[in-house]
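Open the model in a viewer and keep the selection panel at hand.

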Amino acid sequence: MVIKELLLKGSGLLKQNPNSNPSLESQVILAKLMNVDKSFLFAHIESEVEEELEDRYLSFIEKRKNGYPLQYLLGEVEFFGYKFKVREGVLIPRADTEILVSYVINYINKNNLDNYRLLEIGVGSGAIILSIAKNCPNGKLIGIDISEEALIIAKENQDNLSISNVTMFKSDLFEIFLNKPNKEEFDIIVSNPPYIDEEEMKKLQKEVLYEPQIALSGGVDGLMYYKRISLSARDFLKSGGMLAFEIGLTQGASVRDILYDFGYRDISIIKDLEQRDRVVVAYKD
Ligand SMILES: C[S@@+](CC[C@H](N)C(=O)[O-])C[C@H]1O[C@@H](n2cnc3c(N)ncnc32)[C@H](O)[C@@H]1O
């Protein structure tokens, strides 16, 4: 088949997946498999494609048609202007999370935090911590995750971005810091924790079911990690240090109340460009 026929066939098949963008995704998949830009496809629209490549393309299209996430098929996703590797076993970073990253970078710059120390709970692919490290290189950053698979991918992303001031460990929340002779203290603790509640977990779209449950489920009310992290973070924040969370769209008031109950001050809810609650920040006295 020639490129044009393959694109038409691919986009025709993808129409069966209501969560896909058929023409764009068929182009992106073919370009990725041919290791060329999309523009190359249009410049060579009548060129014949080798049968082996054609078969691989159609098998990718078939998977995508059945709801497999495009980002896992491509093996990468763009976040904050950087390319992050992703595959099954790690959450696909969402564009919404760029709000949290942007807030933290601005906070570091505005306050001239030289030699700042930052902890991220639940690094996943490393999207948050590595984007911050890249933009604010004068700090020491530590990331933890309970998932070995996620940490392997996060470290690959760290190598690809040539970042040397980030260290990542396996830990169940703050476990790794307990019983250490020298207490760790941070200027900033940041987290995009799992926050989907039990009811929502039953209604996830097909694509999301391929992502690790441990990266999604926030317990019965979706707030379990906000409570656990807010409780312990007080012991690891410097006085005046900031705790910053990404939140689900309806969780602003609940997370604010949790932070209030644990004694944080100056709690604020940050909205995204569509005026939806996206981030909550608070400070330790
Ligand atoms: C919503 S994902 C966020 C991933 C990444 N930071 C991002 O924004 O794309 C939550 C992450 O928390 C991790 N996680 C879940 N439970 C954890 C725990 N008890 N301790 C540490 N990390 C945990 C998951 O493995 C997952 O990588």
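Into which domains is the chain divided? Select domain 1 (3-68) and then domain 2 (89-283); these bounds come from an automatic or database domain assignment. The model is predicted, so local features need pLDDT of at least 70 and side-chain atom pairs count only at pLDDT 80 or more, while totals for chains, interfaces and linings use all residues. Residues are numbered from 1 along each chain as its sequence is written, and side-chain values use heavy atoms, with hydrogens and water left out.

**The two domains**

The centres of domain 1 and domain 2, taken over C-alpha atoms, are separated by 36 Å. The contact (heavy atoms within 4.5 Å) takes 6 residues from domain 1 and 4 residues from domain 2.

Next, select residues 5-75, where UniProt places "domain: Release factor glutamine methyltransferase N-terminal" in an unreviewed entry; such annotations may be inferred rather than shown by experiment. This span is 69% helix and 0% strand, and its end C-alpha atoms lie 25 Å apart. Residues 114-195 carry the UniProt feature "domain: Methyltransferase", also from an unreviewed entry. Here the span is 27% helix and 29% strand, with end C-alpha atoms 32 Å apart.

**Helix α4**

Select residues 51-65, which form helix α4; helices are DSSP runs (H or I, at least four residues), numbered from the N terminus. Its 15 residues reach 21 Å from first C-alpha to last, close to the 21 Å expected at 1.5 Å a residue, where the expected span is 1.5 Å times one less than the number of residues.

Show side chains for Leu-53, Glu-54, Tyr-57, Leu-58, Phe-60, Ile-61, Arg-64 and Lys-65, which are buried (under 20% relative accessible area, 1.4 Å probe, protein chains only). They lie on the same side of α4 because they cover an arc of only 160° around the axis, taken from the directions from the helix axis to the C-beta atoms. Their cover includes α1 (3-14), α2 (22-34) and α5 (70-74). On the face turned away, find Glu-51 and Glu-52, both exposed (over 50%). Just after α4, Gly-67 takes a positive phi of about 100°.

**The cores**

A nonpolar core is a set of buried Ala, Val, Leu, Ile, Met, Phe, Trp, Tyr and Cys residues joined through side-chain atoms within 4.5 Å. The largest has 61 residues, and Ile-29, Tyr-57, Val-104, Leu-118 and Ile-132 have the most contacts inside it. Domain 1 and domain 2 both give residues to this core, so it lies between them.

Centre on Ile-132: not counting residues up to four places away in sequence, Ile-132 touches Val-101, Val-104, Ile-105, Ile-108, Tyr-116, Leu-118 and Leu-141. Apart from this core lies another, of 26 residues, among them Ile-142, Phe-186, Ala-233 and Leu-237.

Methods:
Helix = DSSP H or I, 4+ residues; strand = E, 2+ residues; numbered from the N terminus.
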